[in-house]
Amino acid sequence: MSGFTRNQLIHGGDYNPEQWLDSPEILEQDIAFFKKAKINEVSLGIFSWAMLEPEEGKFDFGWMEDIVNRLYENGINVIMATPSGARPKWLADKYPEVLRVAPDRRRNLFGGRHNHCYSSPVYREKVGIINRKLAERFGSYPGVLGWHISNEIGGECHCDYCQDAFRGWLRERYGTIEELNRAWATTFWSHRYQSFEQIESPSPIGECDLHGLKLDWRRFVTDQTVDFVKVEVQALRDGGSALPITTNMMYFYGGLNYHKFAEVIDTASWDNYPLWHKQPEPETAAEVAVYYDIMRGICRKPFLLMESCPSSTNWQSVSKLKKPGMLLAASLQAVAHGSDSVQYFQMRQSRGANEKFHGAVIDHYGGEDTRVFREVTQVGEALEILSELTGSGVKAQAAVIYDWESRWAMEDAQGPRNKGLYYHEAVTKIHKGFRRIGLNVDMPDMEQDLEGYAVVAVPMGYMFRKGFGEKLKKYVEQGGYLILTYWSGIVDDTDLCFLGGTPHELMDVCGVRSAEIDGLYDWETNSGAAVPGNSLGMTGEYRCRNLCDLVQLRGAEEVLRYGSDFYAGQPALTAHSYGKGMAYYVCADFEEDFYNDLCRKVSEAAGVKSLWVNLPEGVELSTRQDEKAEYLFIQNFNPSAVEWDEVPEQWQQIYGEVSEKLPGFGTKVYKRAL
């Protein structure tokens, strides 16, 4: 279990009542509305530092305590936030060193949210003080469920403190400057260092083309951010609080390796703001599903949806309203993929400043007779019905590797396509291919183990971090089924190219050697046609674009062959047995239909059984289970209804419309005893 839930699915979100301290009647009105909407939790204190400590060393927690007590009296719990996401003005004025320094070495002025240095001793000290005092005051309150560290942590600082910390991090990683020079290939362009003291972080006015430097800087930024979170956590523990801890992560944010936070938090949480209705809703749902599965895999247990919008955002290029039914469908998708909460930003719409037009449960009108309030209430009612599955897990038979560090290196590689590698799209297509046959999917990184998966896919595994190639070899040797794509096993974990052939350590496993890779212009396409009688039973022809890998066979069987260009007739998909398992090498960036067929064929070959061979377009199937029961979610992300056959008799419907059709944006949930 997440530790936050206390045997009920959380329904709530960000609440900033300090904006309304001069209007106490609003708090009372909000509580009444919350109860009607089945709200059982709010998050407090996220950006409250200036109210909690209006002057240095002078604390005012009374207003917060009154609100926590009043909420608890009405059955509403609190997730208490630490206020480090935005510092008060007095802190920046007295200690300007806490403000960030940009890559061009200019120090920022006061303002914004994450505009503080995670290395600054003063900032760490001041954050530690207020966190400790908050823990002393609220750490044992019966209505406080846990702690929410900062808010959407991100960004970097290039000040002297950070430069010194970076050099220390490099000394620990490499030991000697000679080893660093080797790992970064600094001899190229005569960029060799004589000491660690000579090294500076990447800068547009300095060194910005040394790939090893840029990659290690990003790793350092993650590690330094994690270390800052450790300081926050320790202060809470020093204040006597043993409550669980989370920090909210962001939608496809590339600045931090979120897997590294598993060592300092108890539960992963994230903020989900997809662009619903910009494209067909099933496409958006498929993209969101990928990230739900990434979040679930960070701590490998149920996660929390910390923020979502009940209406429209105010910061996207077009602030689109959610169509009727979309809020409920999107919220239950989170639960289907392993979330133990549905939370919103924001509970009551602020009157001014940056997010005054961001959607809210209670808008400026301030009434309950709104479409949004009615739909939020529907979510609350659904979560009450489904509360029995709180804490249940998601068991996946398929895994798709998603690795932040490999992504960083690949996007900076200056390789066959410097604009449009389409890594995210490749991940999504394979993930969707497994989901189309009703399989749950995990999204581990290269450091996590692969035990228990029938099929593992590695889309564009450009960097093989230390030991990863050997891990994949062992996985296949012991009976696993591997799907490896083009542009994999190219470099080591300092972005040095492997010598002796690629995919590194897996040429014998895959039975191929990658000889060349062709970058296609945006207007170019190729194709892969099935070889008659191939072992996978593939038929037909599939379009491909962007990247085409030209391979030499070393024992592998051809499954598809290229249809055009000078490599017409060469392998485009191969299969090779190794040990007790199989390895499939995808040579090109194929269309979605190819991955739908490939994932189905490989899963069948691996002996994976699913309830449905091929789901209707736009329909998602997900399962959660505990030791007593399994829960089946069937969701339609099409605006219109689809025909739906009844599930096997052992499944009992516990939520949703009872009919032979699945309504537009509709959800049905079934249960069977184990």
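**Aromatic contacts**

1. Tyr251, Phe252, Trp270, Tyr291, Tyr292 and Phe303 make up one aromatic cluster. Rings of Phe, Tyr and Trp (its six-membered ring) pair if their centres lie within 6.5 Å; planes under 30 degrees apart are stacked, over 60 edge-to-face, and the rest tilted. The model is predicted: local features need pLDDT of at least 70 and side-chain atom pairs count only at pLDDT 80 or more, while totals for chains, interfaces and linings use all residues. Residues are numbered from 1 along each chain as its sequence is written, and side-chain values use heavy atoms, leaving out hydrogens and water.

2. The pairing rule gives 39 aromatic pairs. In one of them, phenylalanine 61 and phenylalanine 138, the ring centres are 6.3 Å apart and the planes stand at 45°, so the pair is tilted. Phenylalanine 61 belongs to the loop between α2 (49–52) and α3 (62–73), and phenylalanine 138 to helix α5 (residues 121–138), 77 residues apart. Helices (H or I, at least four residues) and strands (E, at least two) are DSSP runs, numbered from the N terminus.

3. Phenylalanine 61 is buried, at 5% relative accessible area, and phenylalanine 138 is buried at 0%. Buried means under 20% relative accessible area, exposed over 50%, and partly exposed in between (1.4 Å probe, protein chains only).

4. For tyrosine 462 and tryptophan 487, a centre distance of 5.4 Å and a plane angle of 35° are found, so this pair is tilted. Both tyrosine 462 and tryptophan 487 are buried.

5. The charged end of arginine 348 sits over the ring of tryptophan 20, 5.5 Å from its centre. The criterion is NZ of Lys or CZ of Arg within 6 Å of the ring centre and within 35 degrees of the ring normal.
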